[in-house]
Amino acid sequence: MAAYDAIIIGTGQAGPALARRIAGSGMQVAIVERGRFGGTCINTGCTPTKTLVASAYAAHVARRGADYGFSAGDVKVDMKRVKARKDHVVGLSNHGVERSLKHLENCRVFEAHARFVSPREVQAGSEVLTSDRIFLNVGARAAAPNIPGLERVDYLTNRSMMDIDFLPRHLLVLGGSYIGLEFGQMYRRFGSEVSVVELGPRLVSREDEDVSAAITDILAREGITVLTAAKCLGVDKEGNDIVIKVDCGGISELRGSHLLIATGRRPNTDDLGLDRAGVRQDERGYIVVDDELRTSVPGIWALGDCNGKGAFTHTSWNDYEIVAANLFDGERRRVSDRIPAHALYIDPPLGRVGMTEADVRKSGRPALIGKLAMEDVSRAFEKGETEGFMKILVDAETKEILGASFLGTGGDEAIHCVLDTMYAKAPYTLLERAMHIHPTVSEFVPTMLEDLVPLAGSVAG
Ligand SMILES: Cc1cc2nc3c(=O)[nH]c(=O)nc-3n(C[C@H](O)[C@H](O)[C@H](O)COP(=O)(O)OP(=O)(O)OC[C@H]3O[C@@H](n4cnc5c(N)ncnc54)[C@H](O)[C@@H]3O)c2cc1C
């Protein structure tokens with residue numbers, strides 16, 4: 001049995017950084033990876049999808065040549081080259097993580113499935129490793145819903161979508177949230193017919209209703225069929241077609257060539273032997289952690305998607321920072337200190353921070369709202385990309401910024417001026433008076449703040 005100062009399971013966003021930190025301080029680290037180095041973000045999540053989104057965007061702009069004064073002729077997407085570009089970008093990151101770990105002094109890499117034998121012992125392939133400090137960074141994977149017939153259909157997930165080097169004739173997307181919509185729009189732009197089926201009453205239901213409505217319009221204008229409040233009765237294969245039987249406003253079936261399931265994720269905790277270590281999970285399999293990411297067993301931490309405290313690369317990275325700061329820098333950082341923030345990378349993108357309008361109403365705070373159509377943002381109309389809007393919510397009494405949604409060109413970047421003001425705990429009036437650069441999307445944030453009105457349905461409204 002080999003003893004280490006730390007064992008890390010998984011090389012997603014938190015694991016490698018933690019390995020570098022621990023090994024860098026002279027301690028002996030074992031890191032175990034059963035799949036591809038770099039985990040979801042690098043191999044089957046953010047990096048490949050955003051690389052594909054970039055190809056889809058370029059094809060979209062080329063088709064809009066007439067709007068800009070040029071002609072690119074008949075735009076045909078070569079999916080083999082699109083995939084090769086994606087593979088190249090992914091390869092750089094994936095090999096980078098692998099190389100850096102394998103060359104890291106004081107670190108031993110095990111390419112194996114890891115499983116607890118006891119609270120202090122982990123089986124990695126044929127070896128048993130032991131340590132007083134074990135860090136779990138095992139991530140999550142696509143979850144398939146319980147739909148009759150699905151087991152008979154060769155459906156796709158975010159993982160198998162990565163192998164596609166051809167154009168699906170008609171891509172059916174089950175799930176109208178972040179992952180489903182990014183794939184849906186990109187494949188429409190590559191040239192596929194696309195239909196999105198969402199069981200809930202609207203797309204991306206975690207966002208406000210006006211955001212969902214604007215996103216639905218954007219996708220519909222590109223020729224994507226969107227069904228919401230669709231009851232999915234079953235899935236079947238008929239010849240070369242996949243058929244989704246639905247109950248949705250008079251529509252009884254949707255027929256396509258390929259089916260992408262994007263209905264949620266589940267943590268990779270079912271085959272980790274957590275019961276042998278006594279580590280508590282919740283009813284959905286997420287590892288229960290406290291505000292400093294400690295599990296129910298002293299000496300075992302859980303970071304990233306597997307702890308259910310976030311489902312983003314930046315939340316996993318932030319988990320690493322919290323654990324490292326608390327263990328090695330004598331700090332007391334907590335998960336609850338962070339401000340929720342994420343983006344949806346359809347085009348135009350959505351950047352989101354803090355509370356939604358619905359959250360604010362529910363909170364009972366007196367609130368003000370500012371809203372601005374991207375049509376009124378000079379940077380947007382100069383670029384010919386005027387879809388979407390920005391909105392911001394502030395506390396009417398404390399002047400604290402409560403949240404913002406920027407759906408529009410550059411929205412994923414511009415939102416950071418709001419996020420940083422929130423971290424600084426500065427009143428919105430600070431941002432109102434800041435001089436921003438012209439012409440940018442960000443310069444309209446102060447403008448928007450000049451015209452705040454009471455939020456209807458809030459105490460101030
Ligand atoms: C299609 C898609 C697009 C996304 N886009 C974005 C985005 O734009 N921005 C964003 O912030 N987030 C995005 N995400 C989410 C983001 O990818 C994840 O939140 C992030 O990768 C989670 O990282 P992690 O550190 O928790 O673990 P992961 O990156 O999931 O890594 C876990 C690793 O652990 C390994 N492992 C699991 N079990 C074991 C075991 N028993 N033994 C050994 N190894 C094991 C796995 O093989 C894997 O390599 C996207 C996700 C998907 C699916």
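A salt bridge is a side-chain nitrogen of Lys or Arg within 4 Å of a carboxyl oxygen of Asp or Glu. The structure shown here is a predicted model, in which local features need pLDDT of at least 70 and side-chain atom pairs count only at pLDDT 80 or more, while totals for chains, interfaces and linings use all residues. Residues are numbered from 1 along each chain as its sequence is written, and side-chain values use heavy atoms, with hydrogens and water left out.

In this model there are 41 salt bridges, and one of them joins the side chains of Asp 329 and Arg 21 at 2.7 Å, N to O. Because Asp 329 lies in the loop between helix 9 (313-328) and strand 19 (341-344) and Arg 21 in helix 1 (residues 15-24), the pair ties together parts that are 308 residues apart in sequence. Helices (H or I, at least four residues) and strands (E, at least two) are DSSP runs, numbered from the N terminus.

Another salt bridge is formed by the side chains of Glu 387 and Arg 221, at 3.0 Å, N to O. This pair links distant parts of the chain, with Glu 387 in the loop between helix 11 (378-383) and strand 22 (389-395) and Arg 221 in helix 7 (residues 209-221), 166 residues apart. Glu 387 is partly exposed, with a relative accessible area of 26%, whereas Arg 221 is exposed, at 57%; buried means under 20% relative accessible area, exposed over 50%, and partly exposed in between (1.4 Å probe, protein chains only).

Finally, Glu 253 and Arg 255 meet through their side chains in a salt bridge of 3.1 Å, N to O, and a network of salt bridges links Arg 169, Glu 238, Asp 241, Lys 245, Glu 253 and Arg 255.
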